[in-house]
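Please examine the sequence and the structure shown below.

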Amino acid sequence: MPELKRFHVGPRLSEMAVYNGTVYLAGQVPDDTTQDIRGQTAQVLAMVDRLLAEAGSDKTRILMTQIFLTDISEIGAMNEVWDAWVPAGHTPPRATVQAALANAAYKIEIVVTAALA
């Protein structure tokens with residue numbers, strides 16, 4: 001039976017779990033909420049990069065991404081950062097929706113599922 005590994009386990013959630021060759025990230029949010037949507041998106045994508053690397057994967061192995069924006073009118077600015085980050089030929093399936101997030105200062109939250117390298 002495959003081993004289940006949890007990373008950065010807290011009292012409420014783990015930042016990441018790896019099971020059966022798949023990496024599951026918790027919703028990633030920005031640390032610096034004073035930044036605009038571009039800055040917050042760049043922060044969150046850097047967190048995704050770090051977590052995937054820690055698990056032994058990378059952004060070319062993303063299977064699915066869910067993006068939550070507090071203001072869907074900012075999708076264009078968010079997409080500018082996303083498009084510069086995601087490798088050509090490796091754009092994953094993606095859903096982007098407007099949602100109320102846990103902290104009113106968050107402009108974005110991203111959930112990623114990826115395959116191990």
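**Contacts, core and helix packing**

Beyond its neighbours within four places in sequence, V23 is in contact (heavy atoms within 4.5 Å) with M16, A17, V18, L52, A55, S57, V112, T113, A114 and L116. The model is predicted: local features need pLDDT of at least 70, side-chain atom pairs count only at pLDDT 80 or more, and totals for chains, interfaces and linings use all residues. Residues are numbered from 1 along each chain as its sequence is written, and side-chain values use heavy atoms, with hydrogens and water left out.

**The nonpolar core**
- A nonpolar core is a set of buried Ala, Val, Leu, Ile, Met, Phe, Trp, Tyr and Cys residues joined through side-chain atoms within 4.5 Å; buried means under 20% relative accessible area, with a 1.4 Å probe and protein chains only.
- The largest such core has 25 residues, of which V23, L25 and I108 touch the most other members.
- Helix α1 gives the largest share of this core, seven residues.

**Helices α1 and α2**
- Helices (H or I, at least four residues) and strands (E, at least two) are DSSP runs, numbered from the N terminus.
- In α1, I37, R38, T41, A42, L45, V48 and D49 meet A77, M78, E80, V81, W82 and W85 of α2.
- The buried residues of α2 are A77, M78, N79, V81, W82 and W85.
- Their cover includes α1, β4 (62–69), β5 (94–98) and β6 (108–115).

**Residue Q43**
- Q43 lies in helix α1.
- Q43 counts as buried because its relative accessibility is 15%.
- Apart from neighbours within four places in sequence, Q43 is in contact with P30, D31, D32 and Q35.

Key
Buried < 20%, exposed > 50% of the residue type's maximum accessible area, 1.4 Å probe, protein only.
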